[in-house]
Every structure is written in C-alpha cells, then in structure tokens.
Amino acid sequence: MEILGYLTPLFVSLVVGGTFVGIIFGAIPGMTATMAVAICLPLTYSLGLENGLGLLLGLYVGGISGGLVPAILLGIPGTPSSITTCFDGYPMAQRGEGEKALRIGIISSLVGGLISLAALYFFTPPLADFAIKFSYVEKFLVILFALTVMAALSTNMLIGIFSGFLGIFVSLIGVYDVTDGGNGHFRLIPPGLDYWLEGGFSLLPVLIGVFGLTTILYEAEKGMQKGMSLDDIQVGPHSRFSLSVFKGQIGNLVRSSGIGTFVGILPGVGGSAASILAYTAAKTTSKHPERFGKGEPAGIMASEAGNNGLTGGALVPLLSLGIPGDSTTALLIGAFALQGVQVGPLFIANNGPTWDAMIIAMVIANFAMFLMMYFAIRWFALVVAVPKYILFPIILMMCVIGAYTINYGIMFDVWTLLIFGIFGWLAIKVRLEIAPFIIGFILGPAAEIYFVKSLESFGDLTIFFTKSWIAIVLWVLIAASVFISVLIARKNRTVP
C-alpha cells in the first residue's frame, strides 16, 4: 500500500476529529455511534469518498469505545454494546477504582479493535474473490440467509422476521424498473404521491430519521434531564493502575475479540450480542466466576474487547458481499451511494485506493481513540454532565439540514425524515426490531432483482435448490439459523 499517499493533513484530521466526536457521542447515554454516523453522513458528499469514509470510520470506532465512560462511572451504558461493561465497571467505580476500570476498558478496546482490523484485512479479499463466482441464485440466497440470521438473533424470532420483511416491503415502493425485469408501472404508492414516490423513499433520509430523529423523540418522551452534577461523575482517587492486571488475561482478550469479530460478520446482530457473548464466555471459563458482577477486571476486558471486535468484523460482509454487518455499517452504504460506488464482491478490485484508505483510517482511529481516552479520560468523563436539552435541538437541526441537502433541496426528503423518525419511535413502542427493518430496506431491491433474474435465466423455482453446491450449503445454513432460533425461543420460554 502507498500509505504516505493517504496520510494527508485533511485525511488524518478527519479521522482523528471523527474519533473525538464519536467518543463524545458514545459517552452521552442515549447517543450512539450509529446516531453520530447518521448525522454526519451528509457532510461526506463534499469531502470525497476516502476523506468522507475516514470521518465516518472515526465516528464508528470512537462511538463504540466511548460507551464505556458512563457504563463504568454511572452504571448506565452509553451505547447498547457497553451493557456488560456496567456489570463490573460500576462496582469498581463505587470502590473508588473508576479511573483504573476506565483504563482497563480503554486498553481492551484497542486490542479488540486491532484484532478485528486484522480479520478485516486478511479475510475480506478472499471472501470477495469467492463471492465473485456467485450467480443471481447464490446472491439471492445470501440475502435470504442474512435476513434469517437477523431474525434468529432478534429478541423475538417472528418479530425479527416481520421487521425484516416489512423493510423489504417499504423498499419496493416506487416504479417497477423495466431494466430489472419490471413493467415500469407504479406500485404500492398511495394516490396523489406518484411524483414524490416514483423512485421510492431515499435511503439517507430514512436512515437519518430512524437513527437520529427516533432517538431524539424517545429521549424527549422520557424527559430531558438537566445532566449529572460533577460530584456524580468523579472517577475516584488515583487508584494504582498497572499492566500487571492483564497478567493471565491474554486468552480472554483474544477470545473476546474473536467473538466480537465473528458476531460482526453475522449480518444485523449488533454490538450488544457481541459483548454479552464475550462476557458469558469469560465468566464460564474463569477460575473465579463468582467474582464477575462484583468488580472483576476480566469482565470489563471481555466486554470491551468483544464490542470493539465488532468494528472490523461488521465491515467484512459489507465490503465482500454488499451486506451490512450492523446498523452502523448499513449507514456506510449511504456514504458509498453518495459517491456512486457499489459495495460487494468487486469493490476491492475496482476501488483499491478506497480499500487501502479504509484500512489506514481504521488503524489511525483505533490508536487515536486509545491516546485520547487514555490520557484525557478525566475530561471525557465530564461529557456525561452536558444537558441533553442543549444537545438535542442542535442535533435535530443537523438532521433536517442533512436530509434537505442530500438530494439538492427536495422538501419531501425532510418529510421522509419525519415519517421514519416517527415510525422508529412507534416501532420501539410496539417492540419491532429496527436493525432487521433497515437491513431489509437496504437489501430488498437487490433481493428482488436477483430473484427475478434467476427465474429469467433458469426458468423455475427448483433452480434455487439445484444450481450449485454453494446453494445447497446456503440452504443448510438458513435451516440451521432457523432451527437454532427455535431452540433459543423454547429455552427462553422455559426459563422462569
């Protein structure tokens, strides 16, 4: 890689600045990495692809890592992926070891991020080369597998399936394109909206609405707190920190990072599952499982290495198959779409400089996150005291401006933002799964095209079962994911 060619002052500044802003978003409960990326997405249009991705990847890494701050100091997860960090981080803070717990989490985050980055660098190109051989049949089955995985790991399997197919249904609104096997007719469009919905709902206003406006509405409903007092967020006395705390924990760090990376590769699963699985594995294999939940450093290591392992893993299916690994990488599809670039098996071959720039951005972001948080953790701890009633109006304004300017000032995009912001808020109320809905919305058009093209090329539905050994393997994986989800559902019903 011609590394020096990408290390321009603008590129490095955007990555570091994005990481800084991401940490702040992650450190404020209720504001996530996904929200940070959604709000800043329109900014990438004028930055160019490499610089824009540098900013967004910095936001991603910083947002995931920043969640450990309130999790440890307040017992409130800053992001869903830092839930299990509360279990042992907060008890340590109550003992006056808050700063020690924070530093353990920061180092573990760096390890998880770097291991997942190595997986991204080495696994994505071979997987993309293999995926190039896929016909329309295999591509359709890969999308179907992604949807079943999301359903299997949702809170409720049926709700997960429904949410995913609801996203597909909404994505099909518009003109049935003749070039993709359609007849050019309008479909699923209410009377009087033909002009506005001819091309369907624009992706970026939908994403900003669901991940930006929805959060604001949800937090506003709960009430905008005035913020914590400084006395509530003291990191404690300078409890002695030494790297010796990691003695005997290398296996825990590597295992947890691997779990996070693997969960990231599974489409739509999310960081909370990564941290929970890593924490459970650490507790199960520990010689002293009774210490977990009472201020055990190994629990913080597992949680933070696991959720940061997600960052590189979630990019693997995005760049090799065109399927986002989580809700935040789903937003990155919007950044590529703004620049007219399509992710998938040919991405690395056709966009080598962009691939190199992404790897460099991830390296810079992980080390920038470590340096900023490790040496300025007391300053970042003060972020949780910023009142939301000051932050959220600014964020709302940024959401509206971003939606309005994405397609050169189309007011309907602002209405789209409002519609899907309210939809996301109602979805939380009725317990729909947002991640399957969004990924279904993104993959729906491609699934339809692959399905129609398969029938046009091969004639009947049996081709989906007989085309190749790859198709058979995918059907086995689909069946396995459904079977596992049924077992999990039954187990949950039997647990008192």
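**A chat about pockets, patches and pairs**

Q: Which helix gives the most to the lining of the second largest pocket?
A: H20 does, with nine residues. Keep in mind that this is a predicted model.

Q: Where does H20 run, and what else supplies at least two residues of that lining?
A: H20 covers 434–458. The others are helix H7 (136–152), strand S1 (174–175), helix H14 (327–338) and helix H15 (347–350).

Q: What volume does the second largest pocket have?
A: About 1300 Å³. It has 45 lining residues.

Q: Which of them are the closest to its centre?
A: Gln342, Ile442, Pro445, Ala446 and Ile449.

Q: How many residues of the lining are nonpolar, polar or charged?
A: The lining has 29 nonpolar residues, ten polar ones and six charged ones.

Q: Okay, on to the surface. Which residues form the nonpolar patch?
A: Tyr404, Met411, Trp415, Leu418, Ile419, Ile422 and Leu426. Together they have about 650 Å² of accessible area.

Q: Which helix gives the most to the patch?
A: Helix H19, residues 411–430. That helix supplies six residues.

Q: Take Trp415. Where is it, and why does it count as partly exposed?
A: Trp415 sits in helix H19. Its relative accessibility is 48%, so it counts as partly exposed. The buried class ends under 20%, and exposed starts over 50%.

Q: What lies in the loop between H19 and H20?
A: Arg431 is found in that loop. Its phi is near 65°, a positive value in a residue other than glycine.

Q: Arg431: buried or exposed?
A: Exposed, because its relative accessible area is 66%.

Q: Switching to charges. How many salt bridges does the structure hold?
A: Three.

Q: Which salt bridge does Lys429 make?
A: The side chain of Lys429 meets that of Glu221, at 2.3 Å from N to O. Lys429 lies in helix H19 and Glu221 in helix H9 (residues 203–222), so the pair ties together parts that are 208 residues apart in sequence.

Q: How accessible are Lys429 and Glu221?
A: Lys429 has 43% relative accessibility, so it counts as partly exposed. Glu221 is partly exposed too, with a relative accessible area of 41%.

Q: And what does Glu99 pair with?
A: Arg103. Their closest N and O atoms are 2.6 Å apart.

Q: Where do Glu99 and Arg103 lie?
A: Both are in helix H6, residues 98–131. They are four residues apart, about one turn of the helix.

Q: Is that pair buried or exposed? Start with Glu99, then Arg103.
A: Glu99 is buried, with a relative accessible area of 5%. Arg103 also counts as buried, at 15% relative accessibility.

Q: What does Arg95 meet in a salt bridge?
A: Glu97. The N to O distance between the two side chains is 2.9 Å. Arg95 is partly exposed, with a relative accessible area of 47%.

Q: New topic: contacts across the chain. How far apart are Phe20 and Met373?
A: They are 353 residues apart along the chain, but their C-alpha atoms are separated by 9.1 Å.

Q: Where does Phe20 lie?
A: In helix H1, residues 9–27. Phe20 counts as partly exposed, at 36% relative accessibility.

Q: What about Gly54? Where is it found?
A: In helix H3, residues 49–66. Gly54 counts as buried, because its relative accessibility is 1%.

Q: How far is Gly54 from Thr19?
A: The two are 35 residues apart in sequence. In space they are 9.5 Å apart, C-alpha to C-alpha.

Q: Last one. Where is Leu188 found?
A: In the loop between strand S2 (186–187) and H9. Leu188 is partly exposed, with a relative accessible area of 41%.

Q: How far apart are Leu188 and Ile173?
A: Along the chain, 15 residues. Their C-alpha atoms are separated by 5.2 Å.

Key
Residues numbered from 1 in each chain as written. Predicted model: local features only at pLDDT ≥ 70, side-chain atom pairs only at ≥ 80, totals over all residues. Heavy atoms only, no water. 1 Å grid on protein atoms, 1.4 Å probe; cavity = no way out; pocket = protein on both sides within 12 Å on 5 of 7 lines; lining within 4 Å. Points joined across faces, edges and corners; volume = space filled by probe spheres on them. Nonpolar A, V, L, I, M, F, W, Y, C, P; charged D, E, K, R; others polar. Patch = residues over 30% accessible without salt bridge, like charges linked within 9 Å, V, L, I, M, F, W, Y side chains within 5 Å. Areas by Shrake-Rupley, 256 points an atom, 1.4 Å probe, with all protein chains shown as cover. Salt bridge = Lys/Arg side-chain N within 4 Å of Asp/Glu carboxyl O. Buried < 20%, exposed > 50% of the residue type's maximum accessible area, 1.4 Å probe, protein only.
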